[in-house]
Amino acid sequence: MPTTPTIPCPPAAGIRRRTLLRQGAAAAAALPLAHLAHAQSRTLKIGIVSPISGPAAAFGETAEFTHKAMQKLFAKGLSIGGKNYTVELLLRDGQSTVNRSTAVASELMTREKVDLLLSDAGETPIGAGQMANVNMTPFVSTMMPSDALLGIRGGAEAFSNKGKPWNFH
């Protein structure tokens, strides 16, 4: 029976790499959600964009497994700042293209009103990251070298909106 996840605090010394990565990922995902303290709804919507089809579908093969694991993890909700939130996970196929993943991410932010956007695809942060800045939606991405992403997006300033960061890569 899963418990409500909370943001862990690692010990100062003797921490294992795997533990640090796991706790770091949890903290990175939760920090952008601090604005939820004043939210009217008690449902946290998390959008996930992954290349489930198309030429990069091999990178999205774990999407369904990860989605189900996250549903199990958040079955009893998530505790942020002492408040409990139910979690709704919205998995979408970016179809291995920048244009489609940007469109899907934009739909998640504007139509579905997600509180957080996640991506495990290399092409998604290019356009979706820019849209996250415009929509002021926290966006956490992986699977693309940071230097390459910085170059494509126009430098470190491209990760913020008037100095406030919305992209975490």
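**Reading the sheet and its helices**

Q: Which strands does H4 lie across, and at what angle does H4 run to S5?
A: Helices (H or I, at least four residues) and strands (E, at least two) are DSSP runs numbered from the N terminus. Angles run from 0 to 180 degrees between N-to-C directions of lines fitted to C-alpha atoms, for helices over the stretch in contact, where contact means heavy atoms within 4.5 Å. H4 lies across S1, S4, S5 and S8, at about 165° to S5. The model is predicted: local features need pLDDT of at least 70, side-chain atom pairs 80 or more, while totals for chains, interfaces and linings use all residues. Residues count from 1 along each chain as written, and side-chain values use heavy atoms, without hydrogens or water.

Q: In what order do the 6 strands form the sheet?
A: Strands pair through backbone hydrogen bonds, either parallel or antiparallel; here at least two DSSP bridges are required. The open sheet has the order S2-S3-S1-S4-S5-S8, with mixed pairing. Strands S2 (78-80) and S8 (167-168) are at the edges with a single partner strand each, so one side of each lacks a neighbour in the sheet.

Q: How many bridges join S4 to S5?
A: The parallel strands S4 and S5 (residues 139-141) share 3 bridges, and Leu118 has Val140 as its bridge partner in S5. S1 (residues 43-50) also pairs with S4 in the parallel sense, over 4 bridges.

Q: Which way do the side chains of S4 point?
A: In a regular strand, side chains alternate between the two faces of the sheet. In S4 (residues 116-119), Leu116 and Leu118 point one way, Leu117 and Ser119 the other. All are buried, meaning under 20% relative accessible area with a 1.4 Å probe, protein chains only.

Note on methods. Buried means under 20% relative accessible area, exposed over 50%, partly exposed in between (1.4 Å probe, protein chains only).
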